[in-house]
There are 2 protein chains.
Amino acid sequence: MKENKGYKQSEARTVPSTVLPVAPTRGRLRPLGLDEVTTTGGFWAHRRHINGTATLDHCRDWTERAGWTGNFRAAAEGRVQRDRRGREFADSEIYKLCEAMAWQGATGTGAGTGTGAATDTDLAALAETVAAAQEPDGYLNTAFGRPGQQPRYSDLEWGHELYCYGHLIQAGVAQARARGGSEGELTKVARRAADHICATFGQGGIERVCGHPQIEAALVELARLTGEERYLHQAALFVDRRGHGTLADSEFGRAYYQDDLPVRDATVLRGHAVRALYLAAGAVDVAVETGDQELLAAVVRQWEAAVARRTYLTGGMGSHHRDESFGDDFVLPPDRAYSETCAGAASVQLSWRLLLATGEPRFADLAERTLFNVIATSPADHGRAFFYVNTLHRRHRGTEYAPDAVSPGAQSGLRAPWFPVSCCPTNVARTLAQLPAHLATADDHGVQLHQYADARIATSLTLGHGAAHAVALRVRTDYPADGNVVVRVDRSPADRPWTVSLRVPAWTAGATSWLVEPDGTRRAVAPGTAKVSRVFRPGDEIRLELPVRPRWVRADPRVDAVRGTVAVQRGPVVYCAESVDLSGGLDVDAIEVDPSAEPQDGPHTAGNAAGGMTGNTVVVAGHVTGQTPGRVSGQTPGEAPGQVSGPAPGQASAYDAVHDEPWPYRPLDTPAAPPAADPAEIVLVPYHSWANRGPSTMRVWLPAARPDRPAPPDSTG
Amino acid sequence: MKENKGYKQSEARTVPSTVLPVAPTRGRLRPLGLDEVTTTGGFWAHRRHINGTATLDHCRDWTERAGWTGNFRAAAEGRVQRDRRGREFADSEIYKLCEAMAWQGATGTGAGTGTGAATDTDLAALAETVAAAQEPDGYLNTAFGRPGQQPRYSDLEWGHELYCYGHLIQAGVAQARARGGSEGELTKVARRAADHICATFGQGGIERVCGHPQIEAALVELARLTGEERYLHQAALFVDRRGHGTLADSEFGRAYYQDDLPVRDATVLRGHAVRALYLAAGAVDVAVETGDQELLAAVVRQWEAAVARRTYLTGGMGSHHRDESFGDDFVLPPDRAYSETCAGAASVQLSWRLLLATGEPRFADLAERTLFNVIATSPADHGRAFFYVNTLHRRHRGTEYAPDAVSPGAQSGLRAPWFPVSCCPTNVARTLAQLPAHLATADDHGVQLHQYADARIATSLTLGHGAAHAVALRVRTDYPADGNVVVRVDRSPADRPWTVSLRVPAWTAGATSWLVEPDGTRRAVAPGTAKVSRVFRPGDEIRLELPVRPRWVRADPRVDAVRGTVAVQRGPVVYCAESVDLSGGLDVDAIEVDPSAEPQDGPHTAGNAAGGMTGNTVVVAGHVTGQTPGRVSGQTPGEAPGQVSGPAPGQASAYDAVHDEPWPYRPLDTPAAPPAADPAEIVLVPYHSWANRGPSTMRVWLPAARPDRPAPPDSTG
């Protein structure tokens with residue numbers, strides 16, 4: 001990286017918040033804590049409310065029911081060799097749940113913010129259970145190390161021991177931060193574990209890494225919490241060791257766990273997507289704390305290449321089902337999208353760290369896309385079932401899982417209450433729990449708004465001379481349903497100018513955004529950052545008008561899998577066609593749209609009114625073939641037992657249909673079937689809202705009528 | 001199935017051939033043995049020569065080197081618990097190799113037909129090694145049952161014990177048939193194993209099935225060889241038991257091993273493709289021998305649905321990398337095609353059985369497509385490296401494997417000498433070894449030609465009254481390079497009419513095929529079967545003229561992954577663009593073709609001249625963008641160690657390219673990049689010939705210029 005690349009780092013921290021999920025000591029922007037930013041309504045507040053009132057309970061009940069919490073009790077009682085249940089990384093789900101409880105609890109018990117008091121009690125109980133299983137030397141893992149179990153660290157490739165520590169440490173840090181900085185039971189457990197790690201994996205110890213990165217970011221955060229440099233040093237060791245082949249080769253290759261190339265040398269994110277993104281996040285943390293510009297630039301470069309070539313329209317990452325990995329450049333099949341929920345959570349973590357380090361709005365752009373289209377998509381409206389995989393095209397109606405069903409296949413494509421590998425529910429929970437912290441930051445000169453939601457923001461600014469000037473902002477918006485964002489200054493130093501910065505999202509390119517200053521000045525603002533600098537008075541309002549309207553989107557022609565299709569995006573929200581909105585049991589594959597007509601806003605749907613913000617529909621012109629494709633349903637590999645038996649539309653006619661199409665390839669000069677099209681308005685719904693209205697098929701990328709095919713006579717009916 | 005569906009079965013056998021890979025006692029057509037059909041030159045004779053002179057040795061050396069043959073010696077010496085190497089199904093590779101040796105050896109030592117004498121010696125040595133490991137009660141598996149190993153049949157889901165027996169029995173049958181019917185060492189081992197299976201898995205025994213079907217077809221064939229009804233009965237039990245959930249559920253669901261639905265009830269092939277196809281083949285065998293029309297109809301129905309909706313243009317089956325399974329209907333991504341070589345071999349086996357049972361040419365149509373585009377594609381020209389996965393689009397140049405390298409990932413997309421799961425090389429070997437038997441059949445009234453190759457055919461016919469009338473045919477053709485097939489009658493009863501039937505392939509639809517009878521009569525013949533019935537005289541010639549010329553092919557619009565593209569097929573051979581034929585290091589993704597111009601025959605290439613038949617190129621009009629896409633090479637998950645390091649084109653410019661394309665999705669109204677096109681003739685080569693000229697990128701489905709984009713000014717340069 002060239003010296004003039006410009007990630008100038010400064011001591012930006014003035015008034016430490018106690019409740020920070022990520023607390024770098026240096027960087028362009030200073031994060032605001034969960035005690036400084038409160039979501040007060042709208043899209044995210046609703047989802048955080050569901051998180052606090054349903055999802056956390058759900059995860060606590062299921063980790064108990066699956067026996068994963070019991071593993072800790074069994075370990076404390078000396079019977080875990082016999083009684084242990086779940087996969088080798090099951091411990092980590094308890095830790096991620098603890099972390100989620102800590103952040104959710106930190107935001108209090110007010111309406112729409114979760115159930116802080118109950119959460120604190122639950123967290124304390126879990127912490128006690130975990131602590132009892134820790135061994136005297138700090139080792140803690142219920143799957144390894146006892147007589148009758150595999151020896152400690154005998155399977156670094158697949159054993160996930162350091163990965164589990166990582167989540168333990170993040171939970172311990174969260175507990176301390178949520179308690180205003182005083183260490184809780186989990187914090188103490190985390191410290192003892194970290195000391196054990198440093199003693200065991202330091203120089204001269206086991207000079208290897210874990211098959212699943214995660215420990216890196218956790219150790220840096222513990223160093224930030226405690227001021228203990230040795231944790232940072234150990235994290236840096238882990239980052240530097242990776243890519244030197246200390247892990248055994250496997251069927252997936254060493255790229256799977258990023259052990260193929262040193263982090264500094266890699267040019268693109270690759271291998272297992274969650275692993276790649278956690279590693280990158282940890283590398284940013286190390287780079288920021290050690291002032292390692294080369295390392296930071298390497299991660300930025302990898303992020304750029306992954307975003308340019310290996311990311312779905314939704315922000316989802318990782319296209320391979322086989323190894324949950326990034327594919328080759330531009331291999332982004334919608335119907336086999338993996339786009340794991342956890343990769344979405346990890347991507348948000350990486351983007352957030354890069355935003356803090358660099359101040360560049362492009363990182364908030366990707367975070368926004370990922371939050372609205374991956375994180376918001378995974379949980380069901382009721383918060384008790386989750387997509388593990390976030391496909392962009394579902395070809396057969398499945399049957400819904402019963403509320404007590406475990407999905408045997410993580411990849412079934414249906415929201416399920418729980419999975420044998422149940423990483424996603426707790427990852428959604430901890431992401432939503434800390435979400436308010438992602439909305440805004442501060443620096444010496446003012447406050448930056450990155451994500452838009454109804455919120456109160458209160459912090460203090462140095463304004464260049466080290467004093468603490470209290471400022472407070474009130475944000476009101478119906479975003480993303482509406483593009484107007486009003487920022488009212490509630491508190492401001494009386495005589496000193498400061499700056500409110502607002503991200504103008506990259507998705508506004510090609511349309512005009514407007515900024516109205518407190519004095520009524522109205523000016524067009526380009527994608528990037530819009531700033532208002534002045535002496536503010538309480539009651540001053542800044543108004544940002546973003547051009548939220550539905551628009552057609554097309555893909556780079558090298559994304560072969562979506563050639564000849566278009567998608568609709570409205571603001572940051574990706575839309576989809578869902579079969580429940582088609583009449584007569586038709587399937588989404590019967591749709592062809594006419595992209596020469598602009599998509600239009602449609603009515604709000606009742607089904608999504610609960611969220612208050614997500615019910616906007618879009619209407620596009622096109623036609624729907626009258627013939628049901630006659631899908632052979634119910635016998636697809638994704639269908640799994642444990643699902644409630646449901647209707648299998650199309651099955652009756654499948655055999656006949658098959659006989660009409662003995663071979664799906666034809667000479668080009670064979671006349672195409674006539675469109676047999678009913679001109680139609682086709683209703684699209686937000687992608688994050690799909691599959692909440694019963695079994696359905698769905699597609700994001702819609703086949704576009706070719707200009708050489710006659711358009712249906714009238715498509716406004 | 002309706003009674004009038006018409007699979008009339010008759011006792012068609014008149015003169016038993018001794019050398020039959022599949023020998024049904026009933027059915028519409030009687031197979032001809034390897035002593036009745038001899039390939040004498042051209043496409044398949046060349047490949048069988050490579051098989052006999054390189055591939056068999058290669059497989060023998062690698063099974064020895066990998067330790068898999070040694071497992072049998074270790075078992076005989078009581079040390080296999082300690083010394084066993086390879087996966088749980090490694091025994092089966094020795095058996096498949098034995099089977100291949102038997103069939104290849106049966107065709108003699110003549111030029112172009114393999115090395116019979118050496119093969120016999122090798123086979124005898126392997127048989128002795130295998131026999132020594134069999135236990136007194138007939139049990140034989142090197143991975144189970146001894147102290148220190150898992151107990152026998154303790155893991156029917158994944159242990160592959162019955163699967164291994166299946167291949168053992170097929171090898172035993174092959175050895176006997178190749179020896180003119182006298183049982184060899186392997187035949188005796190197979191009989192003892194089969195008796196053990198009947199005793200163990202019969203009624204009242206372990207009433208379950210194997211996770212990998214294969215035993216079914218093998219037991220039927222052993223019953224056919226020996227006349228022992230109990231083997232057939234056991235096979236029927238295995239077929240009927242499947243689909244009742246006797247296997248445990250797994251991450252992939254019970255459909256993975258077809259244990260989700262009874263064979264009779266299933267409407268489409270599903271789950272693991274090789275498993276599904278082997279099971280279907282075994283079910284056909286049971287149905288034919290037991291006269292079970294319902295079961296036969298069920299398999300035909302499944303075949304129809306799979307061919308209509310779940311098959312690649314190449315005939316390849318199975319699109320999922322994750323579980324090697326069929327996907328949902330129409331999920332056929334070219335760049336993530338799995339299309340496992342073994343699924344191709346299994347599909348040929350299924351088609352062959354259905355052809356014999358029904359006489360319908362559609363089964364030979366699919367077999368032809370699969371033989372030319374999957375079976376012929378897997379082995380390298382030199383016969384010592386193999387595709388495991390037969391992708392239809394390779395996006396990055398890889399690096400070739402060293403001759404001594406094991407591919408750690410079966411799915412790397414490059415031909416490799418060997419794999420940890422090395423099922424494909426021996427499956428190619430046994431398919432090519434028995435290939436002449438697939439060319440022709442007989443019935444009471446004549447001879448049917450199904451696949452075209454230079455060949456001699458000699459058999460005898462009953463001609464309706466039970467006598468044996470000797471007939472002989474000589475087939476001369478350059479097929480598939482050329483569409484002319486000349487069938488000369490060399491021997492015929494002097495006074496009795498009989499019939500020569502010729503398959504007119506389905507790919508000829510839309511063009512005219514001609515048949516010239518011995519008297520010079522010339523008539524157009526439609527896809528299906530063309531017949532010439534008469535009193536033949538030696539020297540009479542029948543001439544079939546098939547319209548072999550390159551043609552554009554398009555896919556059903558529901559095959560979303562290839563929307564907006566076209567492919568070229570020439571006769572039964574699918575073509576592809578390969579980057580080694582583009583100038584200036586350009587990538588195949590820079591190609592756009594103009595389908596309004598017909599593809600033309602191009603020159604023969606020197607590189608493929610060795611095969612004598614495969615060097616035809618096709619030239620299409622289009623344009624190639626001058627800009628290298630700047631692929632980020634060398635850091636893709638598929639890249640595996642053990643590959644010889646090679647050039648990584650495009651890497652130098654990757655970073656710059658990325659910066660030009662920060663996000664691959666754009667509003668539709670953003671102007672498209674100008675085509676920047678050089679009008680060009682684009683050379684296509686047979687798909688089966690690709691990747692024999694060094695690292696390359698490749699694609700079968702070629703983006704078609706849209707009519708709304710101006711065509712390049714001149715594309716004839």
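**Strand pairing and helix packing**

Strand E14 of chain A and strand E20 (residues 665-667) of chain B are joined by three bridges and run antiparallel, a pairing that is described here, like every feature below, from a predicted model. Within this pairing, Val553(A) stands opposite Pro667(B) of E20(B). E14(A), which spans residues 550-555, also pairs with strand E15 (residues 565-570) of chain A, again in the antiparallel sense, over four bridges, and there Arg551(A) has Gln569(A) as its bridge partner.

In a regular strand the side chains alternate between the two faces of the sheet. In E14(A), Pro550(A), Trp552(A) and Arg554(A) point one way, whereas Arg551(A), Val553(A) and Ala555(A) point the other way, and all are buried. Because six of the six residues of E14(A) are buried, the strand is largely enclosed by the rest of the structure.

Two packed helices are described by the angle between their axes and the distance between the axes. For helix H4 (residues 91-106) and helix H6 (residues 161-178), both of chain A, the angle is about 20 degrees and the axes lie 8 Å apart. Since angles under 35 degrees count as roughly parallel, H4(A) is therefore roughly parallel to H6(A), and the crossing of H4(A) past H6(A) is left-handed. The contact between H4(A) and H6(A) comprises 11 nonpolar, four polar and four charged residues. Among the residues that meet there are Tyr95(A), Cys98(A), Ala102(A) and Trp103(A) in H4(A), and Tyr163(A), His167(A), Leu168(A) and Ala171(A) in H6(A).

How values were computed:
Residues are numbered from 1 along each chain as its sequence is written. Chains are lettered from A and ligands numbered from 1 in the order in which they are written. This is a predicted model: local features need pLDDT of at least 70, side-chain atom pairs count only at pLDDT 80 or more; totals for chains, interfaces and linings use all residues. Side-chain values use heavy atoms; hydrogens and water are left out. Axes are lines fitted to C-alpha atoms, for helices over the stretch in contact, and angles run from 0 to 180 degrees between N-to-C directions. Helices (H or I, at least four residues) and strands (E, at least two) are DSSP runs, numbered from the N terminus. Angles under 35 degrees count as roughly parallel, over 145 as roughly antiparallel, 65 to 115 as roughly perpendicular and the rest as oblique. A crossing is left-handed if the near helix is turned anticlockwise from the far one by less than a right angle, and right-handed if clockwise. Contact means heavy atoms within 4.5 Å. Ala, Val, Leu, Ile, Met, Phe, Trp, Tyr, Cys and Pro count as nonpolar, Asp, Glu, Lys and Arg as charged, and the others, Gly among them, as polar. Buried means under 20% relative accessible area, exposed over 50%, partly exposed in between (1.4 Å probe, protein chains only). Two strands pair if DSSP finds at least two bridges between them.
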